[in-house]
Amino acid sequence: MQGVIFFFFVILILGLFYTQILKHSLYKELSESNRIRVLYLEAPRGKIYDRKGNLLVSNRISFDVEVVFQEIKNEEKVIDLLSDILGIGKEILSTKIDYASQRPFIPVKIVEDIEKDKAIHLEEARLDVPGVIVTTRPLRNYIYRGTLSHVIGYLGKISEDELRKCKTYGYRMQDFVGKDGIERSYNDYLRGAGGGLQIEVDSRGRQLKLLAIKEPRPGKNLYLSIDIELQKFCDSILADKKGVIVAMDPSTGAILALVSHPDFDPNIFVSPNNFKKIQNLLSDSHTSPMLNRAISGNYSPGSVFKIVVTTCALESGAFDDKKTFSCTGTYIVGNRAFRCWKEEGHGTQNIIEAFKHSCNVFFYQLGIFLGADEISKFAFKFGLGKPTGVDLPGEATGFVPTPSWKRREFKNPWFKGETANYAIGQGYLSLTPIQVLRLASIIANNGKLVEPFVVERIEDINPSLVRKGGVNLHHAEPQDVGLRSDTLALVKEGLRRAVNAPHGTGLYARSEDVVIAGKTGTAQNPRGTPHAWFVGFAPLENPRICVVVFIEHGGKGGLEPARFAKEIIEKAKTLELL
Amino acid sequence: MITIARGYFNKFDKVVFFSALVILFIGLLILHSASSRYYSQNVLFRQMVWILFGIIFLFIILRISYQKIIQISYILYGINLLFLILVLLFGQARGGAHRWINLGAFNLQPSELAKITLVLALSSYIGRRKSDITKISFLFSVFCLVLPIFILIFIEPDLGTAFLFIPISLAMLFIAGAKMGHLVGLVSLGLSAIPFFWHFLRDYQKQRLFVFINPNIDPLGSGYTVIQSKIAVGSGGLWGKGWLSGTQNQLNFLPERHTDFIFSVVGEEWGFLGALILVLLYLLIVYRGIKIIQTTPDVYGRLIATGFVTLFSVQVIINIGMTIGFLPIVGLTLPLISYGGSSLITTLIYIGLLLNIGMRRPLF
C-alpha cells in the first residue's frame with residue numbers, strides 16, 4: 001500500500017514538472033494573452049494639398065458603435081437603445097450582437113460612422129447599458145468629391161494578395177490602402193504607422209490598467225502640382241461629356257489639372273454600407289467611371305499626330321517649307337481613294353499651310369514620301385508607345401506600329417495605304433491623352449521632353465530619398481530629344497496659324513488675351529462618331545501651360561475641344577498660372 | 001492501553017502536527033491571495049475561525065482514546081446517515097447539488113463528516129470480525145455497510161466524495177488481510193457497474209468527463225476551469241509569479257480558486273518549487289501516517305489510520321491532479337487549504353485521530 005501511494009505522489013510531482021517546467025512557455029504565453037488586450041490605434045493618413053496650399057483631402061472622425069458581449073447584461077435593452085437612437089431595425093442589431101457573441105471578450109464593431117449628435121446621445125445613455133462602447137477612428141474625407149477622383153484615386157480594404165506581400169511592413173487585415181491614383185502610388189507615405197494600447201484586463205474584459213502605449217504616427221502630407229480652381233473649371237467645362245482634360249506646365253511636367261469623365265466620388269469607398277454602390281461603380285463597363293482615361297485610355301490621335309509627322313519631315317532634311325503637294329480632295333493609293341476632310345480640296349500648299357488646314361491629302365503624300373519607319377522613329381523619339389512615367393498607377397503605353405511589327409504579327413507586308421493613314425494619325429496607332437499632351441509640350445519646351453507628375457513634394461521628405469514603387473520625386477531633368485531650332489520654329493508657326501490665321505482648323509481656340517498655339521484632331525473610329533481632340537499651349541513665346549482636351553465621340557476637334565482649351569487657358573491666366 | 005498514563009506526549013507525532021500547521025499557514029496565505037480582490041475579506045476570517053475550531057476538536061480527540069470512539073462508531077454512522085437523508089430533503093442547493101444543511105451559524109456538509117464516520121464504522125466492523133476476512137460473504141457485508149452512504153452521497157450529487165470510499169474500503173480490507181484475489185474481483189465488479197452509474201450521471205457531470213478527455217470542446221463552458229487552471233499552474237514556471245501577483249488568479253480568470261482549485265493559485269504564484277514543497281509536506285504527513293500504521297499492533301487503530309491515510313493521500317492526489325488536467329474535475333477539496341469549514345474540521349479531526357492512535361501505541 002505504501003508503494004502505491006508513493007507511486008502516485010511521484011506521478012503527481014512529474015505532472016507538476018511537466019506542466020510548470022516543460023510546458024511553461026506555452027502556458028506563460030496563454031496567460032499573457034488572457035490578461036493583455038491590445039487595442040489598435042489607427043494612424044490618420046497624410047493630408048493632400050494643392051499647389052497653393054488648399055486642402056483637398058483630409059480626415060474626419062468616424063464614430064463607431066462596438067459591443068463587448070461579455071459585459072452586456074440585458075441584450076434587449078441594448079437593442080432597444082441602439083434602435084431608438086440610431087434608427088436601425090432591431091433584427092439587424094440582433095444579428096450583429098449574435099455575431100459579437102462569438103468573440104465575447106473583445107469589442108466588436110456593430111455600427112460604423114454614426115452622426116456626431118447620435119454619438120453624443122449614445123455616449124450619455126450607455127452608462128445604463130454596460131457592454132456598449134462608442135469609439136472613434138479617422139476616416140478619409142475627399143472634400144472635392146468627384147472633381148479630383150482620377151488624380152487622388154480611392155481607398156479599399158487590403159486584398160489577400162497585397163496583405164501577403166506587405167505583412168512585414170505592418171499592414172493588417174481590414175486595413176485601408178490606396179487602390180488607385182496617388183492614394184495608391186504614394187500609399188507608403190500617406191499611411192503612417194498605426195499605434196496601440198496594451199491594456200490589462202480581467203476575466204470579464206474590464207480594463208484595469210494601461211500597460212503600454214504606442215502613439216500612432218500620422219502619414220505624410222502631400223502637396224500636389226494641381227491647382228484646384230483650374231481643376232474645378234476643367235471639371236465643369238467638360239460637364240457630363242465622356243472625355244479628358246489635362247493641363248501641364250510644359251517646362252517642368254507639373255500637372256495643373258487632370259480631369260477624366262465620367263468620374264466617381266471616392267468618399268463612397270470609405271463609408272460603410274456602400275457595398276452595392278461600390279459594386280456598381282467597379283462593374284460599370286458601359287461608361288467605365290473608374291477608368292482614368294487621361295492615362296489609361298488608348299485612342300486614335302487623328303490629326304494631332306501631324307505634329308509628329310511635320311517635325312519628322314522637317315528634321316529629315318529631305319523636306320522643307322518650300323516643297324509643296326497639291327490637294328484635289330482625293331488621293332489614290334493603289335486602287336483605293338483616300339479623301340481629304342475638305343471635299344473640294346486645298347489646292348497647292350507648303351507644309352505649314354497644310355498643317356494649318358490639317359490637309360489629309362498633303363499628309364498622305366508626305367507620309368508616303370517619308371515612309372512608315374521614319375515616322376515611327378520620330379514617334380518613339382517623342383516618347384510615344386511607352387508610358388510617360390507620370391506618378392499615377394495604371395498608365396497605358398499606347399501603340400506605335402512599324403512595318404516590321406506588322407510582318408511579325410500578321411505575316412503580312414505593310415501597305416502604302418497604311419502609311420498614308422498612319423500619317424494622319426489613324427490606323428494601328430493609338431495614344432493616351434497624356435502622351436498627346438506631352439508630344440505638344442516637347443514643341444512648347446523647345447525640344448525638351450519632360451516627365452509629368454502630380455505630386456510636387458512630400459512634407460518632411462527629402463525628394464532625393466523618394467525612389468520607390470515607380471514613384472520618383474526627384475523629377476527627371478527634361479531630356480533634349482534633339483530637334484533643330486529651325487524645325488521647332490516652323491512647327492510652332494504651324495501651330496500658331498492653325499489657331500490664329502484665317503482658315504485655321506483651330507480657330508475656336510483663338511484668344512484675345514493670349515497667343516495660343518495648337519492642333520485639332522478628329523479621329524475616325526469604328527464605334528461611331530469620331531473622337532475630338534485639341535492639344536495646344538500658351539503663350540506662344542515662352543509657354544507656361546499646355547492643354548489637351550479629348551472628347552470621346554465628340555465630333556470635330558475644332559469645335560468644343562478648341563473652345564474648351566481657350567477657356568481653360570484664359571482661366572489659367574486669371575489664376576496667374578501664365 | 002498500558003502506556004496511556006504517563007508521558008504519552010512522547011509519542012505525540014510532532015512531525016505530523018507541525019506539518020499540518022505549516023500547511024494551514026500556507027493555506028491562509030494562499031487563501032488571502034485568492035480571495036482579496038474578488039471575494040470578501042470574510043473568507044479569510046471565517047477560515048481562521050474554522051482552523052481554530054478544528055484545532056480545538058483535534059485536541060479534544062487526543063484526550064479520548066480512539067477505542068472509546070470506536071465503541072460509538074455505529075451510532076455516529078447512524079447519525080451521519082440521518083444527516084445525509086436530511087440533506088437530500090432539506091439541503092441547500094448550490095450549483096445543482098444538495099450538499100449542505102443550514103445550521104444557522106454555518107452550513108454543515110454531512111458528506112464530509114461521512115469520511116470519518118464511515119471509516120470508524122468500517123474499522124469497528126472489520127476489526128470485530130477479523131477472522132472472517134477471507135470469506136466472500138464478509139466482503140459482501142462490508143459492501144452493504146458502505147453502500148447506503150455511497151448512494152446517498154452519489155445522488156446529492158457529490159461524486160468525488162462518493163468514489164473516495166472505494167479506495168478507502170479497499171485499503172482497509174487489504175490491511176486487514178483480505179485476499180488479493182477477492183479485492184481484484186471486487187474492483188472488476190465495480191468497473192462493470194460503470195455503465196449503470198453512467199445512466200445516473202447528470203448532464204453536467206457527463207460533460208465534465210467529456211471535457212476531461214478534451215477540454216477544448218467547450219473552452220468557455222465546462223472546459224473553461226481546467227484550461228484556465230492549467231494555464232495558471234503552467235505559467236507559474238519554476239519560481240512562480242510571486243505572492244499576490246498571479247495574473248490568472250488576481251484577474252479572476254480562475255473560477256473556484258478559493259475552494260477546489262486553490263492549488264492553481266499555489267502553482268501560479270509560487271511556481272514548481274512552492275508546489276513541490278507543499279506536496280512534500282503532504283507526503284511527510286502520509287509517510288508518518290504509514291509509520292503509525294506499521295507500528296500499531298491494535299487492529300482497530302491500524303484500520304482507522306489506514307482509512308485516513310488513504311483518504312488524505314487520495315484527496316491530495318486527485319485535487320492536484322485535476323488542477324493540471326491529469327484527472328477529471330470531481331469536486332474534491334485540497335485538505336487543510338481549500339476554503340470550507342466542514343472539510344477543514346473533518347481533516348483536523350482525523351489528523352487528531354491519527355495522532356491519537358500514534359500516541360496509544362505500546363512502547364517497545
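Reply: Happy to. Let me start with N356(B), which lies in helix α15 (residues 341–359) of chain B. Please keep in mind that this is a predicted model.

Me: Why is N356(B) called buried?

Reply: Buried means under 20% relative accessible area. N356(B) has a relative accessible area of 0%, so it is buried. Leaving aside neighbours within four places in sequence, N356(B) is in contact with I61(B), L62(B), I64(B), S65(B) and Y66(B).

Me: What makes the pairing of the side chains of N356(B) and R360(B) a polar contact?

Reply: The cut-off is a pair of N or O atoms within 3.5 Å, one able to donate a hydrogen and the other to accept it. The two side chains make such a contact at 2.2 Å. The side chain of N356(B) also reaches the backbone nitrogen of Y66(B), at 3.5 Å.

Me: And N80(B): buried or exposed, and how do you know?

Reply: N80(B) lies in helix α4 (residues 73–90) of chain B. Its relative accessibility is 2%, and the limit for buried is under 20%, so N80(B) counts as buried.

Me: Which residues does N80(B) touch?

Reply: Not counting residues up to four places away in sequence, N80(B) touches P110(B), L113(B), A114(B) and T117(B). With T117(B) there is a polar contact between the side chains, at 2.6 Å.

Me: Let us turn to helix pairs. How do you describe the packing of α7(B) and α14(B)?

Reply: Two packed helices are described by the angle between their axes and the distance between the axes. The axes of helix α7 (residues 159–176) of chain B and helix α14 (residues 299–323) of chain B come within 9 Å and cross at roughly 145 degrees. The crossing is right-handed.

Me: Which residues make that contact?

Reply: From α7(B) they are L164(B), P167(B), I168(B), A171(B), M172(B), I175(B) and A176(B). From α14(B) they are R302(B), L303(B), T306(B), G307(B), T310(B), L311(B), V314(B) and Q315(B). By class, the contact has 10 nonpolar residues, four polar and one charged.

Me: Now chain A. What makes helix α19 of chain A mostly covered?

Reply: Helix α19 (residues 416–423) of chain A has eight residues, and six of them are buried. Those six are G417(A), E418(A), T419(A), A420(A), Y422(A) and A423(A). Their cover includes α14 (306–316), β14 (330–333), β15 (336–339), α16 (360–370), α17 (372–381) and α18 (403–410) of chain A. Just after α19(A), G425(A) takes a positive phi of about 75 degrees.

Me: What is said about the phi of A239(A), and how exposed is A239(A)?

Reply: A239(A) is not a glycine, yet its phi is positive, about 45 degrees. Its place is in the loop between α10 (228–238) and β11 (243–248) of chain A.

Me: Why does N542(A) count as exposed?

Reply: Exposed means over 50% relative accessible area. N542(A) is at 61% relative accessibility, so it counts as exposed. N542(A) is in the loop between β23 and β24 of chain A, and its phi is near 55 degrees, a positive value in a residue other than glycine.

Me: Which peptide bond in that loop is cis?

Reply: A cis peptide bond joins A538(A) and P539(A), with omega about -15 degrees. P539(A) is in the loop between β23 (528–538) and β24 (545–551) of chain A. The peptide bond from H261(A) to P262(A) is cis too, with omega near -5 degrees. P262(A) is found in the loop between β12 (255–261) and α11 (267–270) of chain A.

Me: To finish, what are the totals for each chain?

Reply: Chain A has 22 helices and 24 strands, and 54% of its 578 residues count as buried. Its accessible surface comes to about 25,800 Å², of which 51% belongs to carbon and sulfur atoms. Chain B has 15 helices and three strands, and 56% of its 364 residues count as buried. The accessible surface of chain B comes to about 15,000 Å², with 71% belonging to carbon and sulfur atoms.

Note on methods
Residues are numbered from 1 along each chain as its sequence is written. Chains are lettered from A and ligands numbered from 1 in the order in which they are written. This is a predicted model: local features need pLDDT of at least 70, side-chain atom pairs count only at pLDDT 80 or more; totals for chains, interfaces and linings use all residues. Side-chain values use heavy atoms; hydrogens and water are left out. Axes are lines fitted to C-alpha atoms, for helices over the stretch in contact, and angles run from 0 to 180 degrees between N-to-C directions. Helices (H or I, at least four residues) and strands (E, at least two) are DSSP runs, numbered from the N terminus. A crossing is left-handed if the near helix is turned anticlockwise from the far one by less than a right angle, and right-handed if clockwise. Contact means heavy atoms within 4.5 Å. Ala, Val, Leu, Ile, Met, Phe, Trp, Tyr, Cys and Pro count as nonpolar, Asp, Glu, Lys and Arg as charged, and the others, Gly among them, as polar. Buried means under 20% relative accessible area, exposed over 50%, partly exposed in between (1.4 Å probe, protein chains only). Accessible areas come from the Shrake-Rupley method with a 1.4 Å probe; for residues, only the protein chains shown count as cover.
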